[in-house]
Amino acid sequence: MNKEKIGYGQACGKIILMGEHSVVYGEPAIAFPFQETYISTKVEPNITLVLDCHYFSGELSEVPHQLNSVKEVINQTLKTLQQENTTLKVTITSTIPAERGMGSSAATAASIVRALYDYFDEPCTQEVLLPLVNGAEKIAHGNPSGIDAAATSGKESLFFIKGHPLEPFPMNVSNAFLIVADTGIKGQTRAAVRDVARLFEQNKQSVSQHITELGHLTKLAKQAILTDDVHKLGNVMNQAQEQLKALTVSNEQLDQLVFTARKNGALGAKLTGGGRGGCMIALADSKEQAVKIAAAIESAGAVATWIQSLGVKN
Ligand code: MEV
């Protein structure tokens, strides 16, 4: 047992600006790492293989089923490193609200893989990292597009298409401020993705129209960003929210915060991530307006808000 060695890994939250759900069906999405929130993992020698996190402390083999994706990523990473029989203590600390559409499950997996690779002094490239994180995401979410793994483990904004090479994309809009607000209600990504798939089976024609339209709006959002047009970006965000509602992935609390944001001057507002709870985002064209919108959203029930400038490259 290497008594001296400690491994560290980190990954941050993510925000999907446009394209959640439709990205599962091959349409593009725009996402960026959200460095305001992050997860850290520490790996150190121990006499048995144990996990210590907010939800559980004990033998890895005894984790509750909600932590199966964590167990899986630790076991798979040790297997990839050919260290299956090594015993360790894995400690996870997080500032990413869990199950709020901020990619906490993907970020947890990415920070674990990085910490284990660091512990064994092996380079952790994206080629190594992404399949391991996506394996964990399959357990957590059923049918992940891979966007959460890519956005939480990278440093740049992405124009993401499932199965395609990652396309970094400059998120650089003048006078654009994004308010991120947490409804305080656990999102239900797994159920929402499954229900959209069911809807698709029941009514292929109308559901595929919503999905295609979401893809089209994402491409318009890309153009709006590239032409520095904050008003157009807000407009397509509003349209995307209507399509997401039609796919049944919004809910009353999200709709209420979206309504409040728009009433207080937001240029656009929509849910972000899996939906059915979790977080929403709103766009403002000045910091002052963003502060005003954030205060109004908090009065309407949001439990936390963040303001992120889109004017700097992420
Ligand atoms: C979840 O953050 C985003 C979804 O599109 C699912 C996925 O892409 O894996 C809802």
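Me: Okay, two strands count as paired if DSSP finds at least two bridges between them. Which residue in β10 is the bridge partner of G268?

Reply: That's L283 in β10. Keep in mind that this is a predicted model.

Me: Thanks! And how many bridges join β9 to β10?

Reply: Five, and the two strands run antiparallel, with β10 covering residues 279-284.

Me: What sheet do they belong to, and in what order do its strands come?

Reply: They're in an open sheet of four strands, ordered β9-β10-β8-β11, and the pairing is antiparallel. At the edges you'll find β9 (268-272) and β11 (304-309), each pairing on one side only.

Me: How much are neighbouring strands turned against each other?

Reply: By 20 degrees on average, with direction ignored.

Me: Which helix packs on that sheet?

Reply: Helix α7, residues 230-246, which touches β8 (177-182), β9 and β10. The direction of α7 makes about 45 degrees with that of β9.

Me: Switching to helices: how do the axes of α1 and α3 cross?

Reply: The axes of α1 (residues 68-80) and α3 (residues 126-141) come within 9 Å and cross at roughly 155 degrees. Angles over 145 degrees count as roughly antiparallel, so that's what α1 and α3 are to each other.

Me: Is α1's crossing with α3 left-handed or right-handed?

Reply: Right-handed.

Me: Which residues make the contact?

Reply: From α1, it's N68, S69, E72, V73, Q76, T77 and T80; from α3, it's L132, A136, I139 and A140.

Me: How does that contact split by class?

Reply: Five residues are nonpolar, five are polar and one is charged.

How values were computed. Residues numbered from 1 in each chain as written. Predicted model: local features only at pLDDT ≥ 70, side-chain atom pairs only at ≥ 80, totals over all residues. Heavy atoms only, no water. Axes fitted to C-alpha atoms, helices over the stretch in contact; angles between N-to-C directions. Contact = heavy atoms within 4.5 Å. Parallel < 35°, antiparallel > 145°, perpendicular 65-115°, else oblique. Left-handed = near helix turned anticlockwise from the far one by under 90°. Nonpolar A, V, L, I, M, F, W, Y, C, P; charged D, E, K, R; others polar.
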